[in-house]
Amino acid sequence: MQLRSARGRLAAMTLGALLAMLGAGAGARAAAAATAGPQGIHKIKHIVIIMQENRSFDTYFGVYPGADGIPGLAGHPGKVPCIPDPLHHDCVKPYHDPRDVNTGGPHMAVNAQLDIAGGKMNGFIASVETGDLDTDMLACQILKLPPGCNDVMGYKTGKDIPNYWAYARNFVLQDHMFEPAASWSEIAHLYMVSAWAASCTNGYNPFSCTTNLVEPDTEDGKVLSIGGNPFDALTGLLTRSDADDKPHSSAPPDFAWTDITYLLHKHHVSWRYYITQGTEPDCASGAMICTPIKQYVKTPEIWNPLPDFTTVHQDNQLGNIEADTQFFRDAYKGNLPAVSWLIPSGDDSEHAPGRVSLGQDHVTRAIDAIMAGKDWDSTAIFLAWDDWGGFYDHVKPPVVDGEGYGLRVPGLVISPYARKGFIDHQILSFDAYLKFIEADFLGGQALNPRTDGRPDPRPDVRENARILGNLLRDFNFNQPPRPPLFLPRIPPSKLPPNLDPSLHN
């Protein structure tokens, strides 16, 4: 009996020790998992979308090694294209244009179709020449640009835009990023925050909205002609007679459909839309150059669409739209929200006739601020240009639903987890930004009227397009966070002689 008792005690002790060891192992694994922290995409706690203005991919990266650039140049296969010039019965080949000030071309929806030319991608010069040639000549004279003011075939090199090329070499360059619809800035910004652009007859009824890729931000459909500038006398500059676009307006908002901030607020995800107070040079008439209008944080305009969304008002989120000065404070202090957008003013947007150097400097300052702050190790920066600005690009846009895509624009991904020197050839658009936000913070819940809790009549769920790539491919979340890459500030080059800054400041 003593032997059996000893054996029993030994068995009990052995079993207890085994259970203890198992418990200790489970605890160690749990502790290790807790120490490991977020995995995969969830290592990104801050998404910053920096949206610049009006450049095609070929304009900035057409001769970048390894990218889908201009045929026949910089080792790219094919024959150098020569784009017809109907006015002069000639054609123009792409050429190096190092100038800091450009004009580009008209870039409304009708111009996109003219430029694309049924997929031949050879209407860029003709599109300029179908515009107001008197206006173009005046612009040439004031800006001291070549005769004809037709620089849409020009391209930059790494020497002209060194920091943008440095970001491409050290992080990710996307060479098939397309604007979400073939139209101008207002449409691109609407898709950027909501995956749709529409006009609504009732600002509080989503089902009063229908697709509009031309001019959705009007209440009464009227436009006014104003004067006071030599450009206006020739272009008949048009401006919206939209009551809610005036400061301190009590008019109802225009956009009743659902934007991404509705889902962010619903899921308690922080966001901010930082905008530089200054000017907007885009012309409501579609002209290449006109008198800029004022841009304010609280006033809905083409680059600042969120104050026009009903959801932002109803969720009491208007305070999340702030000046870019707050962005720099938040970035340096490590107080960035989960999702943010950074929007320039006309002078540092690269929108013609703004200086390229000022835009590059603005972007560099913003990225340096993020890299210097506490949030760098958990941030993904998506840098793009909202539309092509009339500049040449050789790639035919793919067809998505009945509305897009538009022409190709530069896209860059900058993050401590971004792949180094990677060229992403996936088909992408700004819809991919929304898809990434939704995967990271919303459990994959898309702007889908059937499931997002706020139905609207949008034609489809853009994030689900079969051809849309996935931004996850641009990251390696198994690598240690990469250190910051601080780049030198860009000293602005001299303005052309006799340029009157009041025309675009």
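# Buried rings, strands and sulfur links

Biologist: Leaving aside neighbours within four places in sequence, which residues is Ser 194 in contact with?
Modeller: Contact here means heavy atoms within 4.5 Å. With neighbours within four places in sequence set aside, the contacts of Ser 194 are Trp 257, Thr 258, Asp 259, Ile 260, Phe 309, Leu 434, Leu 447 and Arg 458.

Biologist: Before we go on, at what pLDDT do side-chain atom pairs count?
Modeller: Residues are numbered from 1 along each chain as its sequence is written, and side-chain values use heavy atoms, with hydrogens and water left out. This is a predicted model: totals for chains, interfaces and linings use all residues, local features need pLDDT of at least 70, and side-chain atom pairs count only at pLDDT 80 or more.

Biologist: Back to Ser 194: is it buried or exposed?
Modeller: Ser 194 is found in helix H7, residues 185–194 (helices, H or I with at least four residues, and strands, E with at least two, are DSSP runs numbered from the N terminus). The cut-offs are under 20% relative accessible area for buried, over 50% for exposed and partly exposed in between, using a 1.4 Å probe and protein chains only. Ser 194 has a relative accessible area of 0%, so the word for Ser 194 is buried.

Biologist: Which strand does E1 join by 7 bridges?
Modeller: Strands pair if DSSP finds at least two bridges between them. E1 pairs in the parallel sense with strand E15 (residues 339–343) over 4 bridges, and Ile 50 stands opposite Leu 342 there. The strand joined to E1 by 7 bridges also runs parallel to it, and that strand is E16.

Biologist: How many of the 7 residues of E1 are buried?
Modeller: In a regular strand the side chains alternate between the two faces of the sheet. In E1, His 46, Val 48, Ile 50 and Gln 52 point one way, while Ile 47, Ile 49 and Met 51 point the other way, and all are buried. E1 (residues 46–52) is largely enclosed by the rest of the structure, because the buried count is 7 of the 7.

Biologist: In E16, what is the bridge partner of Gln 52?
Modeller: That residue also forms an aromatic pair with Tyr 164, edge-to-face at 5.0 Å centre to centre and 90° between the planes. Rings of Phe, Tyr and Trp (its six-membered ring) pair if their centres lie within 6.5 Å; planes under 30 degrees apart count as stacked, over 60 as edge-to-face and the rest as tilted. In E16, Gln 52 is bridged to Trp 385.

Biologist: How many residues apart in sequence are the parts that Tyr 274 and Phe 327 tie together?
Modeller: Tyr 274 and Phe 327 form an edge-to-face pair, 5.3 Å centre to centre with 70° between the planes. Tyr 274 is buried at 0% relative accessible area, and Phe 327 is buried at 0% too. Tyr 274 lies in strand E11 (residues 271–275) and Phe 327 in helix H11 (residues 324–333), so the distance in sequence is 53 residues.

Biologist: How many disulfides does the structure hold?
Modeller: A disulfide is a pair of cysteine sulfur atoms within 2.5 Å. Cys 82 and Cys 91 have theirs 1.9 Å apart, and Cys 200 and Cys 209 have theirs 2.0 Å apart. Cys 82 is partly exposed at 28%, whereas Cys 209 is buried at 4%. The number of disulfides is 2.
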